[in-house]
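I opened my notebook to look up a few things about how two chains meet and how one of them is folded. Here is what I wrote down as I went.

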Amino acid sequence: MSRALGIWAKKQEIYLAVAEDGEVSDADPQRIEAPSIMETNERLGGFITSVRHALNELSPDEVRILQPEQTYSASYSEFAPRVALETAVRLVCEERGIPVEVLHRSTARSRLGFDRRGSLDSHIAGLAVVGKYWNAGRKYAAVAALAGREV
Amino acid sequence: MPLRGEYLDKPTYAILRSLGGGNVGQAWVGFHEIFERQVVQKRYSTIGLEDAVAREEPRLMGEIEHPHVSEILEAQFDPEMARAITFVMPYYEGGSIADALDEGYVFSIHQALKLTMQALDALAHVHVHHRYVHRDMKPGNVFLDAERERVYVGDWGSAARMDDSGRVAAIHGTLLYTPPEGGPDDGAMGTTGDVYATGLTLYEMLNGPFPYASISPEDAERRLAEGRRPLPDSGFEHWDPCVPSDLRTLVRKAIRRSPDDRHQSCAFFRMELGRVRCIDWRRVVGRGEDLDGEWIGGWPPHMRDDQRRRYRVTSRRLQTGTRALEAMEALPGSAWRRFGVPDGGVPPDDRPAVERFFADVATRAAQRIPAR
């Protein structure tokens with residue numbers, strides 16, 4: 001079984017969860033922020049460095065980034081930084097040769113056998129809470145980590 | 001094709017000055033006539049060393065590719081000194097952090113944090129990808145560019161490869177920066193030893209250099225041999241009053257006596273430092289823990305320096321026996337104006353009151369423009 005890293009991005013930070021053999025672990029780091037002491041333009045570079053270190057620490061075989069819900073709407077100033085962080089993760093994975101999948105929520109639900117009815121949150125409520133920042137958003141990273149392709 | 005002999009009428013290097021040396025090595029500043037850049041030539045004796053060990057430093061530097069590790073330009077067996085190796089590195093115009101501290105240069109808080117994060121990035125890279133521990137991190141081994149905005153971790157001569165458990169034998173390098181676990185004769189250390197030394201380097205960037213003249217080497221050595229920090233705990237608590245409490249907590253964690261209580265990797269230490277949110281204070285009058293002084297800082301951090309609001313705090317002892325604290329604010333391109341209510345009735349040695357004043361200024365600045 002491969003070691004999968006799930007990612008859930010917000011405007012200023014990403015949450016990370018590792019899953020191996022169908023179990024989510026509390027491996028650190030579980031959250032990466034764009035360094036707050038840096039100017040806006042420097043921050044992306046600082047964030048990319050942090051992602052590199054995180055991949056060193058977590059050594060995933062694959063990375064899955066969970067997309068927001070289809071009805072997600074936000075202003076440009078909210079949306080653009082989030083996409084930038086997701087893109088930065090994808091670039092670092094590309095640099096390391098780690099396969100990345102950007103995962104649609106419906107795909108994640110289907111792979112995890114969640115019923116089509118009910119919100120994703122209602123299904124996540126059935127998962128065991130592991131590690132930190134669960135309700136801040138890491139639960140979505142855990143979903144991404146668990147939702148591997150069936151082989 | 002190998003490089004052939006030197007063309008004596010047009011030597012590649014001009015030696016400009018000596019940087020001095022010790023029993024095993026010497027260094028010179030030179031000028032590379034073709035690259036048209038200043039360089040440092042470092043020569044060291046390999047007598048008594050096995051070949052693999054003798055070539056360790058230039059070989060390791062040649063292997064590491066990282067923007068914050070001092071690069072190596074060339075290495076050769078020295079033609080003038082038996083069993084010596086000379087290698088060539090860039091000359092860093094900003095000197096080392098130790099040089100900067102010695103000349104009285106004051107780092108701003110953000111500058112100190114960013115430089116430390118760069119050094120930690122370099123160390124984390126070497127720990128993970130090369131499995132080496134530096135073992136001699138200190139202000140004198142971290143070099144700066146001319147603007148003192150970028151660091152280059154150098155002097156890898158004491159670095160050692162970790163065993164399978166991630167440990168190396170400790171060396172008694174520079175007394176003050178040797179981690180406690182490296183003090184006993186059979187001491188060993190892991191990457192958290194580099195966390196410790198980098199934490200001390202940051203401590204000095206924030207507060208000024210340790211009072212070396214008043215430190216007893218005998219006491220420090222005795223303490224280290226007992227597996228303790230070389231200075232009593234009070235020796236690591238001389239904070240500049242502008243340093244915010246959350247940053248102090250991170251530095252204290254990095255320099256804890258027990259390696260298990262420190263940040264468990266340079267990468268984690270770096271990430272934690274990146275979370276600090278504070279006004280970018282730089283002290284312009286006074287030094288270190290002295291409560292008399294003047295500080296100027298910029299806020300918020302996400303804006304360019306020339307777009308930030310400026311804050312100025314002055315703290316001075318009055319003839320009446322009390323301490324006066326005053327804060328000013330200036331918008332970009334505007335004059336200073338009073339910021340909040342000055343406090344003229346603080347007891348002269350009331351350090352917590354001065355530190356609270358800085359915290360209040362930071363809180364009110366963040367209320368005006370929240371950090372993003």
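Predicted model: local features only at pLDDT ≥ 70, side-chain atom pairs only at ≥ 80, totals over all residues.

**Entry 1: the interface as a whole.** I started with the area buried between chain A and chain B, which comes to about 2000 Å². Carbon and sulfur atoms give 53% of that area.

**Entry 2: who takes part.** How many residues does the contact take from each chain? I noted 22 residues from chain A and 25 residues from chain B.

**Entry 3: polar links across the interface.** I found 12 residue pairs in polar contact between chain A and chain B, with both residues at pLDDT 80 or more. On the side of chain A that touches chain B, the elements that give two or more residues are β4 (31–33) and α1 (40–58) of chain A. Of these, α1(A) gives the most, with 10 residues.

**Entry 4: salt bridges.** The rule finds two salt bridges across the interface of chain A and chain B. I wrote down one of them, in which A:Glu42 pairs with B:Lys114. The closest N and O atoms of A:Glu42 and B:Lys114 are 2.9 Å apart.

**Entry 5: a sheet in chain B.** Next I turned to an open sheet of five strands in chain B, with antiparallel pairing. I traced the strand order as β1-β2-β3-β5-β4. The edge strands are β1 (13–21) and β4 (74–77) of chain B, each of which pairs on one side only. From one strand to the next, the twist averages 20 degrees.

**Entry 6: inside that sheet.** Seven bridges join β3 (residues 37–45) to the antiparallel β5 (residues 84–90) in chain B. I picked out B:Lys42, whose bridge partner in β5(B) is B:Phe87. Helix α2 (residues 56–63) of chain B packs on the sheet and touches β3, β4 and β5 of chain B. The direction of this helix makes about 35 degrees with that of β5(B).

Entry 7: Most residues other than glycine have a negative phi, and most peptide bonds are trans. With that in mind, I looked for exceptions.

- The peptide bond from A:Asp28 to A:Pro29 is cis, with omega near 0 degrees. I placed A:Pro29 in the loop between β3 (23–25) and β4 of chain A.
- B:Trp299 and B:Pro300 are also joined by a cis peptide bond, with omega about 0 degrees. B:Pro300 sits in the loop between β13 (293–299) and β14 (309–317) of chain B.
- B:Glu36 is not a glycine, yet has a positive phi of about 55 degrees. I found B:Glu36 in the loop between β2 (25–32) and β3 of chain B.

Conventions
Residues numbered from 1 in each chain as written. Chains lettered and ligands numbered in written order. Heavy atoms only, no water. Contact = heavy atoms within 4.5 Å. Buried area = accessible area lost by both parts, 1.4 Å probe. Salt bridge = Lys/Arg side-chain N within 4 Å of Asp/Glu carboxyl O. Polar contact = N/O pair within 3.5 Å; in protein donor to acceptor, adjacent residues only side chain to side chain. Helix = DSSP H or I, 4+ residues; strand = E, 2+ residues; numbered from the N terminus. Pairing = 2+ DSSP bridges. Axes fitted to C-alpha atoms, helices over the stretch in contact; angles between N-to-C directions.
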